[in-house]
Amino acid sequence: MRRILVTGGAGFLGTRVTALLADHPDVDLVVCGDLRDSEVPGVVSIRVDVTDPDGLPEVLQAHRIDTVVHLAAIVNPGRDVPHEFRVDVQGSANVLAACVEAGVRRLVVSSSGAAYGYHPDNPDWIDETDALRGNDEFPYSRHKRLIEEMLAAARFAHPDLEQVIFRIGTILGPTVHNQITALWDAQRILHIAGSDSPFVFVWVDDVAAAMVRAAVGTGPAGIYNVAGDGAMSVPEIARRLGKRLLTVPAPVLAIALAIGSLLRLTEHGPEKIRFLRYRPVLRNRRLKEDFGYTPALSTAQAFEEYIRTHPDVVRVG
């Protein structure tokens with residue numbers, strides 16, 4: 001019987017994970033560790049700040065936690081980079097150290113496909129054996145790479161602590177709104193000339209189900225890309241939304257973003273072009289064949305579900 005702490009358990013993904021764990025027959029205790037209270041029945045809610053290293057080992061020992069699902073992270077990055085570093089990188093270091101000190105058996109971590117980075121020579125489909133290069137100009141991407149480097153070192157130094165790392169694609173859900181979904185709200189969909197910029201989507205319930213499988217020990221330790229089957233290009237997304245493309249050459253967009261950033265009309269600088277142009281496209285073969293989980297929704301189906309729950313995003317007439 002597992003005794004599980006979920007950091008960030010009161011968040012968008014965390015509430016789904018804790019709810020599934022609370023109903024699981026192999027779970028004895030679910031603790032939501034967050035700065036917000038959990039409203040999930042059957043889940044113990046305690047205040048946990050991952051940036052404070054002192055209280056974490058005591059929490060793990062007091063509740064006899066044997067498994068930690070680490071979801072605490074900045075959901076919409078780009079506003080306060082020092083704070084994002086404290087939460088994402090230092091917070092992950094604190095959680096890892098506490099797990100080692102308390103003798104936790106398994107650590108499940110939500111990483112991101114952003115750890116691979118946004119590079120023009122990315123493979124058409126990225127596998128878990130491809131290099132984690134991140135991008136120093138994108139703090140979120142850099143932070144995810146740093147966290148994974150830390151976890152890799154811990155696998156050698158502390159082999160008794162099992163790790164399950166999920167490199168997740170773009171999560172869609174009924175309440176999600178972020179810098180990616182904001183691209184679809186305009187009357188025309190931004191498209192960089194000469195680049196289809198494929199997206200891989202995964203529905204939030206599929207991510208939660210994979211997390212639960214990892215937490216209860218059904219799925220083996222390892223590193224897995226988490227995404228629905230297939231990919232959707234920007235032109236395909238625009239057609240499904242019934243919207244026209246706004247196709248702009250990369251140099252022109254770079255100049256526009258540089259001017260907009262200088263005048264403080266936008267928080268996005270010309271470096272964002274790489275984010276739009278060279279997206280890592282995640283292959284999910286290992287998730288299905290090695291970990292044993294096949295997402296219920298493909299990339300296209302997850303997008304359809306997003307449209308169903310966000311009908312205003314579709315142009316009518």
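V48 touches G33, D34, L35, L56 and V59, leaving aside residues up to four places away in sequence; contact here means heavy atoms within 4.5 Å. The model is a predicted one, in which local features need pLDDT of at least 70, side-chain atom pairs count only at pLDDT 80 or more, and totals for chains, interfaces and linings use all residues. Residues are numbered from 1 along each chain as its sequence is written, and side-chain values use heavy atoms, with hydrogens and water left out.

V48 sits in the loop between β3 (44-47) and α2. Helices (H or I, at least four residues) and strands (E, at least two) are DSSP runs, numbered from the N terminus. With a relative accessible area of 7%, V48 is buried; buried means under 20% relative accessible area, exposed over 50%, and partly exposed in between (1.4 Å probe, protein chains only). Between V48 and V59 there are 8.4 Å from C-alpha to C-alpha, and the two are 11 residues apart in sequence.

R64 has a positive phi of about 50° although it is not a glycine, and it belongs to the loop between α2 (56-62) and β4 (67-70). R64 counts as exposed, because its relative accessibility is 55%. S197, also a residue other than glycine, has a positive phi near 45°. S197 lies in the loop between β8 (188-192) and β9 (201-203) and counts as buried, at 3% relative accessibility.

Turning to helix packing, α3 (residues 81-102) and α4 (residues 139-157) meet at an angle of about 15°, with their axes 10 Å apart. That angle is why α3 is roughly parallel to α4. Axes are lines fitted to C-alpha atoms, for helices over the stretch in contact, and angles run from 0 to 180 degrees between N-to-C directions; those under 35 degrees count as roughly parallel, over 145 as roughly antiparallel, 65 to 115 as roughly perpendicular and the rest as oblique. Residues meeting across this pair include F85, V89 and L96 in α3 and L146, I147 and M150 in α4. The contact residues divide into 11 nonpolar, 2 polar and 3 charged.

A second pair is formed by α6 (residues 234-241) and α10 (residues 299-309), whose axes come within 12 Å and cross at roughly 35°. I237, R240 and L241 of α6 make the contact with F303, E304 and I307 of α10.

Conventions
Ala, Val, Leu, Ile, Met, Phe, Trp, Tyr, Cys and Pro count as nonpolar, Asp, Glu, Lys and Arg as charged, and the others, Gly among them, as polar.
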